[in-house]
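Okay, thanks for coming, everyone.

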Amino acid sequence: VFFRDNWTWMKSALGTGASPDLALAFGEEDKFASSQELLAEALPPAWVFRAPGGHRWPTWRALWDKVLSSAVLTGANQSASRPSAPSGRSH
């Protein structure tokens, strides 16, 4: 249910022409990297972060450094029209 609800929201958000407030970060050798690349194609490039490595803590630390040093968290990349996020249901 969680993943279906999120993909449904993502599809509706992208259908509006607005980019959702979603940052994507993943390791280039992660076993899920190919599916993450599909999602990355739908997001603004400034909101996608890649780092060498797999699904491991050193990779995640490097990715967090990239995200934290970017403008993503400052609101500099936000547009005026944003779709509402998925419901706050507990999953």
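Trp64 sits in helix H3, residues 57-68; helices here are DSSP runs of H or I with at least four residues, strands are E runs with at least two, and both are numbered from the N terminus. This is a predicted model, so to speak: local features need pLDDT of at least 70, side-chain atom pairs count only at pLDDT 80 or more, and totals for chains, interfaces and linings use all residues. Residues are numbered from 1 along each chain as its sequence is written, and side-chain values use heavy atoms, with hydrogens and water left out.

Back to Trp64: together with Leu68 and Leu73, Trp64 forms a nonpolar surface patch, about 370 Å² of accessible area in total. Patch members have over 30% relative accessible area and no salt bridge, with nonpolar side chains (Val, Leu, Ile, Met, Phe, Trp, Tyr) joined within 5 Å and like charges within 9 Å. Areas are Shrake-Rupley with a 1.4 Å probe, and for residues only the protein chains shown count as cover.

Now, how many salt bridges does the structure hold? One, meaning a Lys or Arg side-chain nitrogen within 4 Å of an Asp or Glu carboxyl oxygen. That's Glu37 with Arg50, 2.9 Å from N to O. The pair links distant parts of the chain, 13 residues apart: Glu37 is in helix H2 (33-40), Arg50 in strand E2 (48-51). Glu37 counts as partly exposed because its relative accessibility is 30%, and partly exposed lies between buried, under 20%, and exposed, over 50%.

Overall, the chain runs α-β-α-β-α from the N terminus, and 27% of its 91 residues are buried.

Notes:
Buried means under 20% relative accessible area, exposed over 50%, partly exposed in between (1.4 Å probe, protein chains only).
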